[in-house]
Amino acid sequence: MTGMDRHCQIVGQSLAGERPVDEQTGMSMAVLADRLERLKQSSSLFAGVMFSPYVQKMQRHVEAVVAS
């Protein structure tokens, strides 16, 4: 994953099972979610863009782990 943003790398590695789904994964997903929201606010072209179902599921898992 050379040349890729570090947050994208962390989320991608967590999705692939190459690293644990942990707080760092959660922080990276939060950064990427914030970036996506800013894109959506900047242009209506991005209105329908969302994370994949796999990332959404992982995000719910991270939120459950952090809450407990």
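Tutor: Happy to. One definition first: a residue is called buried when its relative accessible area is under 20%, exposed when over 50%, and partly exposed in between. Keep in mind as well that this is a predicted model.

The chain contains three helices and zero strands, and from the N terminus the order of elements is α-α-α. Its C-alpha trace spans about 35 × 30 × 20 Å along the principal axes. Of the 68 residues, 22% count as buried. Among contacts with a separation of 6 or more, 43% are between residues 24 or more positions apart.

Now to α3 itself, which covers residues 53–67. The helix has 15 residues, and from first C-alpha to last it reaches 21 Å, close to the 21 Å expected at 1.5 Å a residue. Val55, Met58 and Val62 are its buried residues. Viewed down the axis of α3, these buried residues fall within an arc of 60°, so they line one face of the helix. On the other side, Pro53, Lys57, Arg60 and Ala67 are exposed.

What lies over that buried face? The cover of the buried residues of α3 includes α1 and α2, the latter running over 23–42.

Consider α1 first. Two packed helices are described by the angle between their axes and the distance between the axes. For α1 (residues 6–15) and α3, the angle is about 90° and the axes are 11 Å apart. An angle of 65 to 115 degrees counts as roughly perpendicular, and α1 and α3 are therefore roughly perpendicular to each other. On the α1 side the contact is made by Val11, Ser14 and Leu15, and on the α3 side by Tyr54, Val55 and Met58. By residue type, this contact has five nonpolar, one polar and no charged residues.

Val11 sits in α1 and is buried, because its relative accessible area is 7%, against the cut-off of under 20%. Leaving aside residues up to four places away in sequence, Val11 touches Val55 and Met58, and also Thr25, Ser28, Met29 and Leu32.

Helix α2 has 20 residues and reaches 29 Å between its first and last C-alpha, close to the 28 Å expected at 1.5 Å a residue. Its buried residues are Thr25, Gly26, Ser28, Met29, Leu32 and Leu36. Seen down the axis of α2, they fall within an arc of 160°, so they too line one face of their helix. These buried residues pack against α1 and α3, while the face turned away from them carries the exposed residues Glu23, Gln41 and Ser42.

Ala30 lies in α2 and, at 46% relative accessibility, counts as partly exposed. From Ala30 to Gln59 the C-alpha distance is 8.9 Å, although the two are 29 residues apart in sequence.

Methods
Residues are numbered from 1 along each chain as its sequence is written. This is a predicted model: local features need pLDDT of at least 70, side-chain atom pairs count only at pLDDT 80 or more; totals for chains, interfaces and linings use all residues. Side-chain values use heavy atoms; hydrogens and water are left out. Axes are lines fitted to C-alpha atoms, for helices over the stretch in contact, and angles run from 0 to 180 degrees between N-to-C directions. Helices (H or I, at least four residues) and strands (E, at least two) are DSSP runs, numbered from the N terminus. Angles under 35 degrees count as roughly parallel, over 145 as roughly antiparallel, 65 to 115 as roughly perpendicular and the rest as oblique. Contact means heavy atoms within 4.5 Å. Ala, Val, Leu, Ile, Met, Phe, Trp, Tyr, Cys and Pro count as nonpolar, Asp, Glu, Lys and Arg as charged, and the others, Gly among them, as polar. The expected span of a helix is 1.5 Å times one less than its number of residues. Buried means under 20% relative accessible area, exposed over 50%, partly exposed in between (1.4 Å probe, protein chains only). The arc is that of the directions from the helix axis to the C-beta atoms.
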